[in-house]
Amino acid sequence: MKAAFLDRDGVINEKAPEGEYIARWEEIRFLPDVFSSIAALQQAGFKIIVATNQRGVALGKIRRDDLEEIHRRMREEFSRQGTSLTGIYVCTHDYADRCSCRKPQPGLLTRAAEEHGIELSSSWMIGDAPSDIEAGKRAGCRTARILIAGSENGVGPEADVSSPDLASAVGTILRITHSHV
Ligand SMILES: [Mg+2]
Ligand SMILES: [Zn+2]
């Protein structure tokens, strides 16, 4: 079984302004074409797994209950749209916790892979930050970077695919995976 691991903020929903946190469901703004892109990945046999760093929890900026509600309602919205999330994996730690799950560490991906029987080498990590790409590479996945025009994304390891939005990233991933069947 293969998976598409998706970062959350900046891939599924708009990210909060620098230094701010998405702390409530009302602040979630889904990005365009998210549901159709995810449906296309699912149709191609990918399980959909969200892997997100939410350091705001460790900082006391996001309440754990609110984070759980955001993710519960996000799952509901995905199923209303005819798709389903296999899992949402969250690192709520701060840097000082030295955990093994905060991306660029691969812990969220490797744990999800164990729990859902995912073959990492046929899976993809899709994210907008260098840490997403690094986590994907360390886990042994192929990687796609979403580079939104005009936003500061930082530099990092080169992704296998680089696209301006999720829809075009998914289009390229599906072309690549089909030609390697
Ligand atoms: Mg992000
Ligand atoms: Zn962690």
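Is Arg98 buried or exposed in this predicted model? Arg98 is exposed, because 9 other C-beta atoms lie within 10 Å and a residue with 12 or fewer counts as exposed.

**View 1. Arg98 and Pro104 in the loop between β3 and α3.**
Arg98 belongs to the loop that joins β3 and α3. Its phi is near 45 degrees, a positive value in a residue other than glycine. Pro104 lies in the loop between β3 and α3 as well. The peptide bond from Lys103 to Pro104 is cis, and its omega is near 20 degrees.

**View 2. Asp33 in the loop between β1 and α1.**
The loop between β1 and α1 holds Asp33. Phi of Asp33 is positive, near 65 degrees, in a residue other than glycine. Asp33 counts as partly exposed because 14 C-beta neighbours lie inside 10 Å.

**View 3. The whole protein chain.**
The protein chain contains 5 helices and 6 strands. From the N terminus on, the elements follow the order β-α-β-α-β-α-β-α-β-β-α. A compact globule of 181 residues would have a radius of gyration near 16 Å, and the 15 Å of the protein chain agrees with that. The C-alpha trace spans about 45 × 35 × 35 Å along its principal axes. Buried residues make up 36% of the 181 residues. Of the contacts with a separation of 6 or more, 60% join residues 24 or more positions apart.

**View 4. The sheet.**
Six strands form an open sheet in the order β3-β2-β1-β4-β5-β6, with parallel pairing. Its edge strands are β3 (87–91) and β6 (161–163), each of which pairs on one side only. From one strand to the next, the twist averages 20 degrees. Strands of a sheet pair through backbone hydrogen bonds, in either a parallel or an antiparallel sense.

**View 5. Strand β5 and its two partners.**
Strand β5 is mostly covered, with 4 of its 5 residues buried. The pairing of β4 and β5 is parallel and runs over 4 bridges. Thr143 in β5 is the bridge partner of Met125. Strand β5 (residues 142–146) also pairs with β6 in the parallel sense, over 3 bridges. Ala144 has Val161 in β6 as its bridge partner, and Arg145 stands opposite Ser162 in β6.

**View 6. Helices α1 and α3 on the sheet.**
Helix α1 (residues 34–43) lies across β1 (2–6) and β2 (46–53), and its direction is at about 130 degrees to β2. Helix α3 (residues 107–116) packs on the sheet, where it touches β1, β2, β3 and β4 (124–127). The direction of α3 makes about 145 degrees with that of β3.

**View 7. The largest nonpolar core.**
The largest nonpolar core has 37 residues, and those that touch the most other members are Ala4, Phe5, Leu6, Leu109, Trp124, Met125 and Ile126. Strand β2 supplies the largest share of this core, 5 residues. In soluble globular proteins, nonpolar side chains tend to be buried together. Leaving out residues up to four places away in sequence, Met125 touches Phe5, Leu109, Asp132, Ala135, Gly136, Ala139, Cys141 and Thr143.

**View 8. Helix α4 between β4 and β5.**
β4, α4 and β5 make up a right-handed β-α-β unit. The buried residues of α4 are Asp132, Ile133, Glu134, Ala135, Gly136 and Ala139. They pack against β1, α3, β4 and β5. Just after α4, Gly140 has a positive phi of about 95 degrees.

**View 9. Pro130 in helix α4.**
Pro130 is part of helix α4 (residues 130–139). Pro130 is partly exposed because it has 18 other C-beta atoms within 10 Å, whereas a buried residue needs 20 or more. Apart from residues up to four places away in sequence, Pro130 touches Gly154, Val155, Gly156 and Pro157. Ile38 is 92 residues from Pro130 in sequence, and the two C-alpha atoms are 22 Å apart in space.

Terms used
Residues are numbered from 1 along each chain as its sequence is written. Chains are lettered from A and ligands numbered from 1 in the order in which they are written. This is a predicted model: local features need pLDDT of at least 70, side-chain atom pairs count only at pLDDT 80 or more; totals for chains, interfaces and linings use all residues. Helices (H or I, at least four residues) and strands (E, at least two) are DSSP runs, numbered from the N terminus. Two residues are in contact if their C-beta atoms, placed from the backbone, lie within 7 Å. Two strands pair if DSSP finds at least two bridges between them. Axes are lines fitted to C-alpha atoms, for helices over the stretch in contact, and angles run from 0 to 180 degrees between N-to-C directions. The radius of gyration is taken over C-alpha atoms; the globule rule is 2.2 Å times the number of residues to the power 0.38. A nonpolar core is a set of buried Ala, Val, Leu, Ile, Met, Phe, Trp, Tyr and Cys residues joined through C-beta atoms within 7 Å. A crossover is right-handed if, with the strands pointing away from the viewer, the path from the first strand over the helix to the second runs clockwise.
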